[in-house]
Amino acid sequence: MQAVRALLHEIIGTLRDLSDGHQHAAEVLSILGRMDLSAANQHHWTPSEPVHACELQRAIGEMPQNLSRLADGLQIALPQLQWRVDRGVYYDVTEDIGNDYRTGNMHCELIGPNGSTFHHDDFTLGLFLLTPNILYRDHVHQAPEFYLTLMEPTGWRFGDRDWQDVPSGTVIWNAPETSHAIRVYDTPFLSIYSWTRDIHTKCRVVPRGDWREIETELSAN
Ligand SMILES: [Fe+2]
């Protein structure tokens, strides 16, 4: 099987294995099950050197043993993947998303509406990376968002609740317009992500009073 499709196959297998009947993982898998993911339907795009290549290699190398097949699939597919940095696609320039996110994000969209390996008008799936020791500030969006974390640990804040650390293999579900933030520690954050519908509206930040303090603390590591 061609490497990018093989990677997608591993991602789907990982979702099946690790999400253990989780309602929203089932929803993602159901949409994937209705798609034609055959070679005949695959689009080929010019690969791009990942901006955060070192962090990506580190993430692949440090993925837990139970994700070794996915790590191998990603390593093999790497020369054929197209990675993008969000420089205003997801956030208007007026949004105070912060320098951490702007300089520390990267994603590889395998399914989606624009230049993805497989086309879907209103659904995305891919891999999302954040570099170490940064804060992805609190934000909301209309699209329901699914994550399966692949590294450990990362800190999450949902709404006004306290921060909590989650290990690899955790399903995160962010319902539409519900606030969430990510705190990345020494290990890069790598995840499988999906927006399951209503993907064409931008994200908005939700101001919090502790951003500077958290960012200073993280950057000191
Ligand atoms: Fe989000």
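Where is Pro153 found? In this predicted model, Pro153 is in the loop between strand 5 (145–149) and strand 6 (154–158). The peptide bond that joins Glu152 to Pro153 is cis. Most residues other than glycine have a negative phi, and most peptide bonds are trans. The points below cover the backbone exceptions and then the sheet.

**Backbone geometry**
- Omega of the Glu152 to Pro153 bond is about -15°.
- Asn133 is not a glycine, yet its phi is positive, near 60°. Asn133 sits in the loop between strand 3 (124–130) and strand 4 (135–140).
- Asn133 counts as partly exposed because it has 19 C-beta neighbours inside 10 Å, where a buried residue would need 20 or more.
- Glu177 also has a positive phi, about 65°, without being a glycine. The loop that holds Glu177 runs between strand 8 (171–174) and strand 9 (180–184).
- Glu177 has 12 C-beta neighbours inside 10 Å and therefore counts as exposed, the limit for that class being 12 or fewer.

**Sheet and helix**
- Six strands form an open sheet in the order 2-1-3-10-5-8, and the pairing is mixed.
- Strand 2 (118–119) and strand 8 are the edge strands, each pairing on one side only.
- Four bridges link strand 5 and strand 8, which pair in the antiparallel sense. Trp173 in strand 8 stands opposite Phe146.
- Helix 1 (residues 3–19) packs on the sheet and touches strand 1 (105–112), strand 5, strand 8 and strand 10 (189–195). The directions of helix 1 and strand 5 make an angle of about 85°.

Notes
Residues are numbered from 1 along each chain as its sequence is written. This is a predicted model: local features need pLDDT of at least 70, side-chain atom pairs count only at pLDDT 80 or more; totals for chains, interfaces and linings use all residues. Helices (H or I, at least four residues) and strands (E, at least two) are DSSP runs, numbered from the N terminus. Two strands pair if DSSP finds at least two bridges between them. Two residues are in contact if their C-beta atoms, placed from the backbone, lie within 7 Å. Axes are lines fitted to C-alpha atoms, for helices over the stretch in contact, and angles run from 0 to 180 degrees between N-to-C directions.
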